[in-house]
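Thanks for coming. I will take a few minutes to walk through one structure, and I will start as soon as it is on the screen.

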Amino acid sequence: MNTDLHISFIGAGNMSRSLIGGLINDHYPAANISATDPDAEQRQQLATALGVNTYADNIDACAKADIVVLAVKPQIMATVCQQLAPALHKTKPLLISIAAGIQIQSLEKWLGSSQAIVRTMPNTPSLVGSGAAALFASKTVSDDQRQQAESILRAVGLTLWLEDEQQMDAVTALSGSGPAYFFLIMELMQTIGEKMGLSPEVSRLLTLQTGFGATKMALESELDCAELRRRVTSPGGTTEQAIDKLLDGNIDKLMNEALNTARERAIELTKLLGKS
Ligand SMILES: NC(=O)c1ccc[n+]([C@@H]2O[C@H](COP(=O)([O-])OP(=O)(O)OC[C@H]3O[C@@H](n4cnc5c(N)ncnc54)[C@H](OP(=O)(O)O)[C@@H]3O)[C@@H](O)[C@H]2O)c1
């Protein structure tokens, strides 16, 4: 990525900090990164920790920006965009929105003009550099700008492009909410391990390393998850007993219902947020 480009983050919360941290780890010059936060203490802390330029005023932060990352909470995105609209209309930077549930057409409505916009849905493991983000670009985004957006998100994990913005609701249900599904399964396994007589520490570490190991194996293997599962399920063995129990309890139906409910909620929230 061209490291001469100036990137401004509007809203310097958890997600922005992880993206800025990832960029700096990738040797992006901190001098070319700006971030805004209404809180003076937060700005001071950010400048000290990451060495980036900080601003209280969103418009000031965008004056020199080639790329503006919109990273405030979805509920205040309309206000922030309307405030920035005249400035962005003049400079026309690439806009990257990481806000959950905010459609490109809503951003265009609030900005009042056609802009190059990339909408992306990252997830919380971005905070530890292992995120998964899906991206969707508006028609006005150039190939160079697509690469720029991808480079920023790739600094904290995997990036994948979507063909259709509506797929973002499925992404929200799958990888956006997904970390919580894995946390729940690990929480249950750990508790059950303890009830079986393991110490909390032993049960916790065995659970977490097993989750990590299974994921690493699946990522590195040419085999799909179904085949990997078959290979560790010997006929008549212990794993088979457990898996049969889960399938008899309709875990597949339950997961299907869970993810579809999450997707429906994402659609509802997107409609609500777009009404602002
Ligand atoms: N965290 C995730 O896992 C995740 C995943 C996917 C998408 N996202 C999206 O990422 C965005 C940011 O999430 P986050 O978790 O980083 O939230 P966050 O930690 O609350 O960050 C938002 C930041 O915006 C600041 N802010 C508030 N009003 C502002 C204004 N008018 N102008 C500029 N900055 C302002 C807040 O400052 P104060 O705290 O001082 O108010 C805060 O530092 C959200 O839209 C969310 O939907 C997050």
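Please find Met196 first: this residue sits in the loop that links α8, residues 178–195, to α9, residues 200–220. Keep in mind that what you see is a predicted model.

Is Met196 buried or exposed? Met196 is exposed, because its relative accessible area is 69%, and the cut-off for that word is over 50%.

Eight strands make up an open sheet with mixed pairing, and their order is β3-β2-β1-β4-β5-β6-β7-β8. Which strands stand at the edges? They are β3, residues 53–55, and β8, residues 157–161. Each has a single partner strand, so one of its sides has no neighbour in the sheet. On average, neighbouring strands here are turned by 20 degrees against each other, direction ignored.

The strands β2, residues 33–36, and β3 run parallel and are joined by three bridges. As an example, Thr36 has Tyr55 in β3 as its bridge partner. In general, strands of a sheet pair through backbone hydrogen bonds, either parallel or antiparallel.

Helix α4, residues 77–91, lies across β1, β4 and β5, and runs at about 165 degrees to β4. Helix α5, residues 104–111, lies across β4, β5, β6 and β7, and its angle to β6 is about 135 degrees.

That is my part; thank you.

Terms used
Residues are numbered from 1 along each chain as its sequence is written. This is a predicted model: local features need pLDDT of at least 70, side-chain atom pairs count only at pLDDT 80 or more; totals for chains, interfaces and linings use all residues. Side-chain values use heavy atoms; hydrogens and water are left out. Helices (H or I, at least four residues) and strands (E, at least two) are DSSP runs, numbered from the N terminus. Buried means under 20% relative accessible area, exposed over 50%, partly exposed in between (1.4 Å probe, protein chains only). Two strands pair if DSSP finds at least two bridges between them. Axes are lines fitted to C-alpha atoms, for helices over the stretch in contact, and angles run from 0 to 180 degrees between N-to-C directions. Contact means heavy atoms within 4.5 Å.
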